[in-house]
Amino acid sequence: MQFMLLFSRQGKLRLQKWYVPLSDKEKKKITRELVQTVLARKPKMCSFLEWRDLKIVYKRYASLYFCCAIEDQDNELITLEIIHRYVELLDKYFGSVCELDIIFNFEKAYFILDEFLLGGEVQETSKKNVLKAIEQADLLQEVDAKSTHKTNDGRYKFSCT
């Protein structure tokens, strides 16, 4: 996978993950072009399209489009399944995920994606294992937050409890 984009029906980019090195200018150009292309397609049209030298696989869930770019030889149906699995993971974590969950908890959305995909390849196929890793990270973050206290002068004090 070259990259994954999540955007709204209004064309607002909500999440982007790039697995190939590109300049910011090129990323913006690709994003703008792809968002316009996907949004212009009718709902009953195929979720696969050839674009430049890549294949684009996208799926709409409620108000969000999940869009992936893959190599010409990659399997579109597996990519569609990857998108679906990511949505299932988001759903499990947030409890019926919505666009606002992604907006206000984007770091969690990225973390879930990073636990699932690594370098554009599926890292973990088990939803249970991905969610367990996320829960452990959440617990670690909670413990860390409890052991760090801000002093009156604005510095942080760490406790060993």
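A residue is called buried here when its relative accessible area is under 20%, exposed when it is over 50%, and partly exposed in between, using a 1.4 Å probe and protein chains only. Residues are numbered from 1 along each chain as its sequence is written, and side-chain values use heavy atoms, with hydrogens and water left out.

On confidence, the mean pLDDT (the predictor's confidence in each residue, from 0 to 100) comes out at 89 for the protein, and 91% of the residues score at least 70. Strand S1 (residues 3–8) has the highest mean, 97, while strand S9 (residues 156–158) has the lowest, 53. Where pLDDT is low, the predicted coordinates should not be read in detail. Helices (H or I, at least four residues) and strands (E, at least two) are DSSP runs, numbered from the N terminus.

Back to Lys108, which meets Asp138 in a salt bridge, 2.2 Å from N to O; such a bridge needs a side-chain nitrogen of Lys or Arg within 4 Å of a carboxyl oxygen of Asp or Glu. Lys108 belongs to helix H4 (residues 106–116) and Asp138 to helix H5 (residues 127–147), so the contact ties together parts that are 30 residues apart in sequence. Asp138 is buried as well, at 17%. The charged end of Lys108 also sits over the ring of Phe111, 5.9 Å from its centre; the rule here asks for NZ of Lys or CZ of Arg within 6 Å of the ring centre and within 35 degrees of the ring normal.

In total, the count comes to 8 salt bridges. One of them joins Lys55 and Glu76, with the closest N and O atoms 3.0 Å apart. That pair links distant parts of the chain, with Lys55 in strand S4 and Glu76 in helix H2, 21 residues apart. Lys55 is buried at 10%, whereas Glu76 is partly exposed at 23%. Another bridge, between Glu88 and Arg85 (3.3 Å), stays inside helix H2, where the two are 3 residues apart, about one turn of the helix. Glu26, Glu33 and Arg52 are linked in a network of salt bridges.

The aromatic side chains come next. Rings of Phe, Tyr and Trp (its six-membered ring) pair if their centres lie within 6.5 Å; planes under 30 degrees apart count as stacked, over 60 as edge-to-face and the rest as tilted. The whole structure holds 6 aromatic pairs. Tyr58 and Tyr65 make a tilted one, with centres 6.4 Å apart and planes at 50°. Both of these tyrosines are buried, Tyr58 at 5% and Tyr65 at 10%. Tyr93 and Phe94, by contrast, pair edge-to-face, at 5.0 Å centre to centre and 90° between the planes. Phe7, Tyr58 and Tyr65 form one aromatic cluster.

Most residues other than glycine have a negative phi, yet Ala62 has a positive one, near 55°. Ala62 is in the loop between strand S4 (54–61) and strand S5 (64–70), and is exposed at 68%. Ser96 likewise has a positive phi, near 60°, in the loop between helix H2 (76–94) and H3.

Conventions. This is a predicted model: local features need pLDDT of at least 70, side-chain atom pairs count only at pLDDT 80 or more; totals for chains, interfaces and linings use all residues.
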